[in-house]
Amino acid sequence: MPAIFTPKVITANALLEGDVVYLTQDDTWTLNLKDADVLTDEADAQIRLIDASARTSEVVGVYLADVAPDAKGPKPTHFREAFRMRGPSNYPHGKQSEAL
Amino acid sequence: MYRYTDFDATFVAERNAQFRAQVERRIDGSLTEDEFKPLRLMNGLYLQLHAYMLRVAIPYGTLSSAQMRQLAYIAERWDKGYGHFTTRQNIQFNWPTLRDVPDMLDALAEVQMHAIQTSGNTIRNVTADHFAGAAADEIADPRPVAELIRQWSTDHPEFQFLPRKFKIAVTGSPNDRAVTKAHDIGLRMVLNDAGEPGFEVIVGGGLGRTPMIGKVVRDFLPEADLLPYLEAVVSVWNLLGRRDNKYKSRIKITVHEHGIDDIRARVEERFALLRPAFTGVDQQLFAQIKSDFEPPAFKDRDTGPFDLAYANDPVFRSWADTNLSAHRAPGHAIAQISLKAHGATPGDATAEQMRVMADLAERYGYDELRISHEQNVVLPHVHKADLPAIHAALKAAGLATANIGKISDIIACPGMDYCALATARSIPIAQEIATRFDQLKLEHEVGDLKIKISGCINACGHHHVGHIGILGLDRAGVENYQITLGGDHTETAAIGQRTGPGFSADEIVPAIERIVDTYLSERENADEAFIDTFRRVGMTPFKTALYGESDKKKKAA
């Protein structure tokens with residue numbers, strides 16, 4: 001039996017700023033995970049990943065990250081993604097925390 | 001200090017111009033990320049978790065006040081007002097944007113600095129004893145050697161695409177403060193029976209996922225043979241080293257797989273071929289470099305102000321007892337400035353603090369600063385009479401923490417707060433341990449104790465050679481911390497032993513406390529340091545303290 005496809009978002013770092021970014025439903029990049037498009041269909045996710053990876057003048061290191069959908073938007077399921085969303089824990093320097 | 005020649009200045013300027021054009025070509029789409037990545041890494045530019053990171057070389061950890069001020073300027077102009085000093089005697093800026101990096105590199109070039117070969121599969125920034133040229137126990141200043149190696153290795157055409165990175169450390173003192181046995185090549189400056197200077201060459205040390213203590217490949221290498229011999233070692237490894245698996249590519253694995261005798265034979269064969277090609281130009285250059293490192297004219301003055309403050313000011317006395325080391329010149333001392341204020345991020349300094357340290361070096365310290373691999377700053381040459389004024393200025397800038405070598409003087413890598421490779425955070429664990437032992441007021445009672453924390457198996461935080469080592473891992477999606485005990489980073493280098501199962505982020509500080517309590521109850525007297533007690537009593541009492549009488553109980557992971 002194939003593994004169950006868990007919900008995912010497409011994420012990367014912005015080429016110029018380095019910021020963590022997420023792909024929205026209308027194929028723009030956002031700093032806020034809550035605005036990211038949650039992908040629940042594997043085939044759709046793979047095609048969106050290929051298309052997003054081709055946008056090399058905008059982003060670097062595109063990949064699919066697991067999320068848990070929530071009424072307020074997707075939440076990270078792994079601590080690494082939680083840190084990427086928030087920024088470092090020693091200073092309030094996270095670009096995401098500024099934007100939120 | 002070494003001053004750039006016209007050749008050096010032109011080389012760095014050309015390289016910066018090339019990189020500026022490469023950045024532009026990346027932005028306009030002419031270069032793909034795959035093409036650009038090796039180019040940016042060669043110039044010290046990483047893309048980390050939240051932003052780009054620029055790693056700037058501080059060759060052999062030596063800085064002038066003008067250079068430190070420029071680092072402060074860069075931190076304010078293009079970053080968030082601070083910099084992070086690393087275990088490789090570098091400084092990292094955590095928040096540059098891609099377009100700004102060429103300007104940052106030009107600003108560095110203005111003060112004879114660069115970020116070349118701070119990353120990539122090349123010979124990296126050469127590190128040295130941070131007390132070089134100052135220590136009372138030193139045979140000779142290792143920095144001219146380190147500078148010679150830097151010049152030889154920079155853009156060396158044979159060594160730009162090595163199997164993996166390659167790190168060289170040099171010490172001129174029998175008391176090893178440069179962790180030479182944990183480097184790809186460690187050089188110990190020694191004298192032979194005839195009193196001639198040379199090197200003991202150690203090869204194949206390293207930390208990371210397969211920690212190895214380096215082995216002596218040549219017990220006495222005459223000074224003039226250094227570069228051809230290094231070239232022989234690196235070229236033997238360049239051919240033999242494994243490119244099929246990056247976890248097996250470092251020279252420590254090559255030495256392990258082939259055995260030190262086989263490597264030695266190959267190196268000697270290659271050396272015999274290379275030696276005649278070195279006709280003495282390198283030695284002329286070496287002589288010139290040496291003259292740049294002439295010691296300052298140390299003045300003999302009355303130490304009265306020091307003695308007075310030492311007798312009357314307990315805060316100064318505590319700092320002096322903890323942060324000063326013996327200097328070779330009468331009346332002088334080596335002063336370490338702790339970047340480990342309790343609860344602060346190990347190795348971080350604000351731009352303002354950098355300027356305070358630069359001013360002190362200019363006014364009192366023959367214009368010299370050092371960065372230690374232990375992530376502190378050193379004023380290598382200060383007269384004792386000036387120490388009360390220095391201490392007062394440091395205190396006002398939050399830089400007078402009296403904890404060098406103590407439990408809160410923790411090495412910590414950036415960990416998952418910044419690093420894309422990390423598997424767990426390091427910084428908050430260091431902050432919590434330091435804060436906890438400060439609250440307990442136990443620090444000076446505990447005495448010398450090195451805690452070293454890495455946020456992944458790559459061991460940038462040197463956890464294997466910490467008296468207490470902490471390794472942060474991802475265990476099924478939760479941060480988990482493994483403890484090792486008995487590591488040693490000095491001339492008696494040793495790899496620490498794992499205590500057993502790891503601890504969660506909530507449990508790690510209490511676990512460290514139990515280890516320290518065990519030491520305090522086991523030690524013979526207050527003069528027996530943690531590492532000596534561990535060597536005497538072994539792992540058992542510490543294991544019992546961590547996991548209970550039965551090993552099966554209280555397993556945390």
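How many helices and strands are there in chain A? I counted three helices and five strands in chain A. I note at the outset that this is a predicted model.

**Chain A**

I read the elements of chain A along the sequence and wrote down the pattern β-β-β-α-β-β-α-α. Next I looked up the overall dimensions. Along the principal axes, the C-alpha atoms of chain A fill a box of roughly 45 × 30 × 20 Å. I then checked the radius of gyration of chain A, which is 13 Å. This agrees with a compact globule, because a globule of 100 residues would have a value near 13 Å.

I looked up burial too: 33% of the 100 residues of chain A count as buried. For contacts in chain A with a separation of 6 or more, I found that 54% are between residues 24 or more positions apart.

**Domains of chain B**

I took the division of chain B from the domain assignment: domain 1 (6-110), domain 2 (142-292), domain 3 (304-396) and domain 4 (411-547). In the contact I found 21 residues from domain 1 of chain B and 20 residues from domain 3 of chain B.

Which elements of chain B supply at least two residues each to the side of domain 1 that touches domain 3? I listed strand E3 (62-64), helix H3 (65-78) and strand E4 (82-85) of chain B. H3(B) gives the most to this side of domain 1, with seven residues. I sorted the residues on this side of domain 1 by type and got eight nonpolar, 10 polar and three charged.

**Nonpolar core**

I looked up the largest nonpolar core and found 170 residues in it. Val233(B) and Met357(B) have the most contacts inside this core. Helix H6 (residues 226-240) of chain B provides the largest share of the core, nine residues. As background, I note that nonpolar side chains tend to be buried together in soluble globular proteins.

What does Met357(B) touch, leaving out residues up to four places away in sequence? I recorded Met68(B), Ile337(B), Leu369(B) and Val377(B).

**Positive phi in chain B**

I noted two residues other than glycine with a positive phi. Asp155(B) has phi near 60°, and Val179(B) has phi near 50°. I placed Asp155(B) in the loop between helix H5 (143-153) and strand E7 (168-171) of chain B. Val179(B) is in the loop between E7 and strand E8 (185-191) of chain B.

Is Val179(B) buried or exposed? I counted 26 C-beta neighbours inside 10 Å, so Val179(B) is buried; the cut-off for this class is 20 or more. Asp155(B) has 13 C-beta neighbours inside 10 Å and therefore counts as partly exposed.

**Val478(B)**

My last entry is on strand E19 (residues 478-485) of chain B, where Val478(B) lies. Val478(B) is partly exposed, because 13 C-beta neighbours lie inside 10 Å. I also looked up its separation from Ser504(B). From C-alpha to C-alpha, Val478(B) and Ser504(B) are 7.7 Å apart in space, and they are 26 residues apart in sequence.

Note on methods. Residues are numbered from 1 along each chain as its sequence is written. Chains are lettered from A and ligands numbered from 1 in the order in which they are written. This is a predicted model: local features need pLDDT of at least 70, side-chain atom pairs count only at pLDDT 80 or more; totals for chains, interfaces and linings use all residues. Helices (H or I, at least four residues) and strands (E, at least two) are DSSP runs, numbered from the N terminus. A residue is buried if 20 or more other C-beta atoms lie within 10 Å of its own, exposed if 12 or fewer, and partly exposed in between; C-beta atoms are placed from the backbone. The radius of gyration is taken over C-alpha atoms; the globule rule is 2.2 Å times the number of residues to the power 0.38. Two residues are in contact if their C-beta atoms, placed from the backbone, lie within 7 Å. A nonpolar core is a set of buried Ala, Val, Leu, Ile, Met, Phe, Trp, Tyr and Cys residues joined through C-beta atoms within 7 Å. Domain bounds come from an automatic or database domain assignment. Ala, Val, Leu, Ile, Met, Phe, Trp, Tyr, Cys and Pro count as nonpolar, Asp, Glu, Lys and Arg as charged, and the others, Gly among them, as polar.
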